[in-house]
Amino acid sequence: MSSGKSRKGFWFSFGIERLGLVALKAPLISALLIALVSIAAVPGMMSMSVDDSLSELFRTDTQEFRRYEQVSKRFPSSEFDVLVVIENDRLLTPGNLDAVRNVILDLQLIEGLKGQISMFSVREAPDETGFAPALFPTQLPTGEAFDVLMKRVRENEIIRGKLLSEDGTLALVVLSLDKDKVLEIGLKKTIREIETTVEAALEPTQLRAQLAGAPVMQLEIRNAVQRDRLVYNGLGFALGGLIAFIFFGSFRHMLIAVAGPAAGVLWSLGAVGYLGFKLNLFVNVITPLIIVNGFSDSMHLVFNVRRELMAGVGRLEAARIAVINVAPACFLTALTAAIALASFIFAESALIRTFGGASTIAVLLSYVAVVVVVPTLSALLLPRESTQQTPGVGRDRAIGTLGKWSESLFRHLARKPLGYVVTGIILVGVMGAAYVNLQPHYRLADQVPDQEQALAATSRLDEKLTGANPVHVMIEWKGGQSIYSPDVLAAVAAAHSAVEKQAGLGNVWSVETLRRWLEKAGDSSVETLKKYIDLLPEHLVRRFIAVDEMAVIVSARLPDVDASEILPVVDQLDESLVPLRKQYPAFEFSVTGLPAIAARNSAKMIWELNVGLVSDIAVVIIFLGLAFRSLFASIVSVLPSTLPIFATGAFLWMTGDGLHFASIIALTVAFGLALDSTIHFLNRYDIEERDEKGNLRETGEALARTARMIGPVLTLTTIVLALGLGVTIFSDLPSLRVFGQLSGATLLAALVAQLIVLPASIALLRRFWKRT
């Protein structure tokens, strides 16, 4: 005997939720089509490349970002340097300095290297003939002569605090890469060759070396993204399959439950790959997202198929009833999740827009895969006939125990709902107040693996050389003035002084650095400055003078700290340039660089995403009412929908973590997935509220029947969702670890809301609002 009556599809679904019924008409043909689509999806999935850009998160259609791109193009070396950080407490000894020099000589042979800058690159002031001898002689002196040389080195304006730390224990070697050449031979090969060369040269010494800089970070991001994808696939499916096997007690049922989301992952990634999307730290979340979303729908379908089989129904009829009863709710959950994720398409950030588009497509395709694959395999793999079995015994004992516990809980809530609803309202109010007071946070380190060398080396530069993150003041002019004209040099000098005076910035470089050094050496003439610059390698000149010589930059470095700490520095620097803009009206002074853009835009972007999340909650709650053609459904879903989000927000507020990009995406994804269980609950309650003759049941009885039918699978799917997204805590990327932690916490809070607050809300509201 079948358990429960069937329901009609939602008015806006246009029959899409019945795709599984089409598959059941010809399961062998359906299986063949599933195999062909899966095979066709493989090349698309394999074609996906990794987007490791550090600036993509802040790519917007604004003048500010276009100016940043302009700086990157006109002064290319500034954004594509590998920084070699060499340390030792006795660095400034003849033996150790010879070792460092040998490293530099060996590095010059690496393919893809345009040049390098180190303290060994520095020269003395040009003599009368224009010759500028090297500061370091070919053969290092010993004794007192060596001490005199070290005193000159440590007092040199170009070296001190820029290429050598003040305490003389850390040296910086800047490797300027040829971007086009590196892209041709491969970034991984180039960085590996640099690492190998440095390790081999320093092996006989006690010197320690690490690599930092944007190219190294990009490679580490790329490796982490590719590694994480394998981890997510493996652990996600392993956990889902294990839970399905434990509670279904059947390999066939477990296989069917796993096959649906597996096809969903394959089809989704194939489509995303064919559409040209690239993997990044957010798009990489799609795999666990589809696994958990697909597992949820698959578990509901398989649970219902199994329930019908135990009632003595044949496999085809059992699959048909499951599609009719469950697929509409699966479609609605996919649609609400797509609505929540689609909000990211309108974000300012190109990275987040990419995630929004790719994840929306993936969620909808995952639904199609599950609703077709599960009925097809049920019709082919399960026994043709089934004998009626008693629920809750034998292999069904675990599910039976959960069902009895759920039924007991729901009957209790139906008798005494008021206290639980009032508690839920108070918690939403208190935790909502904490949520709205969350402050946005962003650090570059959030995007980069924190167990690798790049961040470790960066932290050493932060401590010893005021940081590794470049902030630039670009100075542009028109009218054909030479770079060596008095007005240009005066404007550069004024900007250089403003940057030097700005607290929080250090390691300032520009044409003015050379001019001051030459002046200190006794020659301040423009001719000598020009002569010296002409002696410098091209890659070094292009670090601060554009090819057309109509723009220069003053570069400074700052530590990798939170954007909220960088913003005052950037704003104060920009404010200090206001008098210069008035004094030199023919010049344009612009503060730029990735830290500056992040500081100015991260808080605004996070806040906009937060507003979008709150708007999503309101829209989806209204949408639920329209889907069920019931204002009642909208009202009872308010507390269980908002409570998990505000609970996680309150946790962030208590820990002082605030809102990050990963936090907002985690909350949005978790909200969409938490709604999955709410929708399945409301869908089942809508079915159970009337008996087979169409008569209304008493609310407590309807909730008890809902508990028996959906309590176990509701619990299981939420655990699968939480564990599936929770595997991201194993990521090397801090932002993805935050994503996994918050997603898991939100979903577990959602389980409490759905098992307690939702049935209590239904029971209380039904006392005053009877169904007709």
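Predicted model: local features only at pLDDT ≥ 70, side-chain atom pairs only at ≥ 80, totals over all residues.

Colleague: Is Asn88 buried or exposed?
Modeller: Asn88 is buried: its relative accessible area is 11%, and the cut-off for buried is under 20%.

Colleague: And which backbone atoms lie by the polar atoms of its side chain, for Asn88?
Modeller: There are two to look at. The backbone nitrogen of Arg90 is 2.7 Å from a polar atom of the Asn88 side chain. The backbone oxygen of Gln206 is 3.0 Å from a polar atom of that Asn88 side chain.

Colleague: Let's switch to helices. What span should helix 7 have, and how far apart are its end C-alpha atoms?
Modeller: Helix 7 covers residues 187–202, which is 16 residues. At 1.5 Å a residue it should span 22 Å, and its end C-alpha atoms are 23 Å apart, so the two agree.

Colleague: Which residues of helix 7 are buried?
Modeller: The buried ones in helix 7 are Leu187, Thr190, Ile191, Ile194, Glu195, Thr197, Val198, Ala201 and Leu202. They lie on the same side of helix 7, because they cover an arc of only 165 degrees around the axis.

Colleague: Why would residues a few places apart point the same way?
Modeller: An α-helix has 3.6 residues a turn, so residues three or four places apart point the same way.

Colleague: Nice. What is exposed on the other side of helix 7?
Modeller: Over there, Lys188 and Lys189 are exposed.

Colleague: What about helix 9, how many residues does it have?
Modeller: Helix 9 (residues 251–274) has 24 residues. From its first C-alpha to its last it reaches 34 Å, close to the 34 Å expected at 1.5 Å a residue. Helix 9 is also mostly covered, with 18 of its 24 residues buried.

Colleague: Which residue caps the N-terminal end of helix 9?
Modeller: That's Ser250: one of its side-chain oxygens lies 3.3 Å from the backbone nitrogen of Arg252. After helix 9 comes Gly276, which has a positive phi, near 90 degrees.

Colleague: Speaking of phi, what is the value for Thr466?
Modeller: Phi of Thr466 is near 65 degrees, which is positive in a residue other than glycine. Thr466 belongs to the loop between helix 15 (453–464) and strand 5, and at 33% relative accessibility it counts as partly exposed.

Colleague: And what is phi for Glu549?
Modeller: Glu549 has a positive phi too, near 55 degrees, and is likewise a residue other than glycine. Its loop runs between helix 19 and strand 7. Glu549 counts as partly exposed, at 32% relative accessibility.

Colleague: What lines the largest cavity?
Modeller: It is lined by 22 residues, and Val174, Trp509, Arg543, Ser555 and Arg557 lie nearest its centre. Strand 7 gives the largest share of that lining, four residues. By class, the lining of the largest cavity splits into 14 nonpolar, five polar and three charged residues.

Colleague: And what is the volume of the second largest cavity?
Modeller: The second largest cavity comes to about 90 Å³. It has 13 lining residues, of which Tyr442, Leu444, Ile566, Pro595 and Ala598 are the closest to its centre. Helix 22 supplies the largest share of the lining of the second largest cavity, four residues.

Colleague: Last one: how many residues line the second largest pocket?
Modeller: The second largest pocket has 30 lining residues, with Gln116, Phe120, Ser121, Val122 and Arg123 nearest its centre. Its volume is about 640 Å³. Helix 4 gives the most to that pocket's lining, three residues. The lining of the second largest pocket divides into 20 nonpolar, eight polar and two charged residues.

Conventions. Residues numbered from 1 in each chain as written. Heavy atoms only, no water. Helix = DSSP H or I, 4+ residues; strand = E, 2+ residues; numbered from the N terminus. Expected span 1.5 Å × (residues − 1). Buried < 20%, exposed > 50% of the residue type's maximum accessible area, 1.4 Å probe, protein only. Arc of directions from axis to C-beta. 1 Å grid on protein atoms, 1.4 Å probe; cavity = no way out; pocket = protein on both sides within 12 Å on 5 of 7 lines; lining within 4 Å. Points joined across faces, edges and corners; volume = space filled by probe spheres on them. Nonpolar A, V, L, I, M, F, W, Y, C, P; charged D, E, K, R; others polar. Polar contact = N/O pair within 3.5 Å; in protein donor to acceptor, adjacent residues only side chain to side chain.
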